[in-house]
Amino acid sequence: MGYVKLPKASGYDLLPAENIGALKFTTPDLIVSYVPSGTVTIKASSAFVQADVAKILDAVDLINGASGPSVAPAALSQKVTETAVS
């Protein structure tokens with residue numbers, strides 16, 4: 001399984017790139033829905049922008065389901081402050 005590195009002020013959070021069913025921008029957060037179930041909410045100190053969705057999806061495309069080193073997306077508009085799994 002591959003992972004997307006989400007840069008934080010200090011370090012990274014890892015987002016699994018496998019079985020993503022949807023990735024959407026819901027002001028101010030990014031919401032990742034997994035198949036068959038599970039959700040990750042990505043939060044920042046300020047609102048993300050729609051272009052951040054494309055950057056994360058591009059990183060997922062680079063991973064292409066492979067295992068190995070995680071891939072960091074192009075610079076997001078905000079640093080991630082928290083990822084919450086539900």
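**Strand pairing, helix packing and core of the predicted model**

Asn19 is partly exposed, with a relative accessible area of 47%. The structure considered here is a predicted model. Asn19 is found in the loop between E2 and E3, and its phi is near 65°, a positive value in a residue other than glycine. Two other loops contain a cis peptide bond. Thr27 and Pro28 are joined by a cis bond with omega of about 5°, and Pro28 is placed in the loop between E3 and E4. The bond from Val35 to Pro36 is also cis, with omega near 5°; Pro36 belongs to the loop between E4 and E5.

The pairing of E5 with E6 is antiparallel and extends over 5 bridges, and Ala44 stands opposite Val80 in E6.

Leaving aside neighbours within four places in sequence, Thr41 is in contact with Asp29, Leu30, Ile31, Glu82, Thr83 and Ala84. Thr81 is placed in strand E6 and counts as partly exposed, at 44% relative accessibility. With neighbours within four places in sequence again left aside, the contacts of Thr81 are Lys8, Lys43, Ala44 and Ser45. Thr81 and Tyr12 are 69 residues apart in sequence, and their C-alpha atoms are 9.7 Å apart in space.

Tyr12 belongs to the uncovered face of E2, together with Leu14 and Pro16. The covered face of E2 consists of Asp13 and Leu15. E2 pairs with E1 in the antiparallel sense over 5 bridges, and Leu14 in E2 is the bridge partner of Lys5. The hairpin of E1 and E2 has 4 residues between the strands, and in this hairpin Gly11 takes a positive phi near 90°.

Helix H1 (residues 50-63) has 14 residues and reaches 21 Å from its first C-alpha to its last, close to the 20 Å expected at 1.5 Å a residue. Its buried residues are Asp52, Val53, Ile56, Ala59, Val60 and Ile63. These residues cover an arc of only 125° around the axis, which puts them on the same side of H1. Asp61 and Leu62, on the other side of H1, are exposed. After the helix comes Asn64, whose phi is positive, near 50°.

In soluble globular proteins, nonpolar side chains tend to be buried together. In the present model, the largest nonpolar core has 20 residues, and those with the most contacts inside it are Val4, Leu6, Leu15, Val32, Ile42, Phe48 and Ile56. At least two residues of this core are supplied by each of E1, E4, E5 and H1. The contribution of H1, with 5 residues, is the most given to this core. The surroundings of Ile42 illustrate the packing. Not counting residues up to four places away in sequence, Ile42 touches Leu6, Leu15, Asp29, Leu30, Val32, Phe48, Ile56, Val80, Glu82 and Thr83. Among these, Ile56 is one of the buried residues of H1, and Leu15 is on the covered face of E2.

Technical notes: Residues are numbered from 1 along each chain as its sequence is written. This is a predicted model: local features need pLDDT of at least 70, side-chain atom pairs count only at pLDDT 80 or more; totals for chains, interfaces and linings use all residues. Side-chain values use heavy atoms; hydrogens and water are left out. The expected span of a helix is 1.5 Å times one less than its number of residues. Buried means under 20% relative accessible area, exposed over 50%, partly exposed in between (1.4 Å probe, protein chains only). The arc is that of the directions from the helix axis to the C-beta atoms. Two strands pair if DSSP finds at least two bridges between them. Contact means heavy atoms within 4.5 Å. A nonpolar core is a set of buried Ala, Val, Leu, Ile, Met, Phe, Trp, Tyr and Cys residues joined through side-chain atoms within 4.5 Å.
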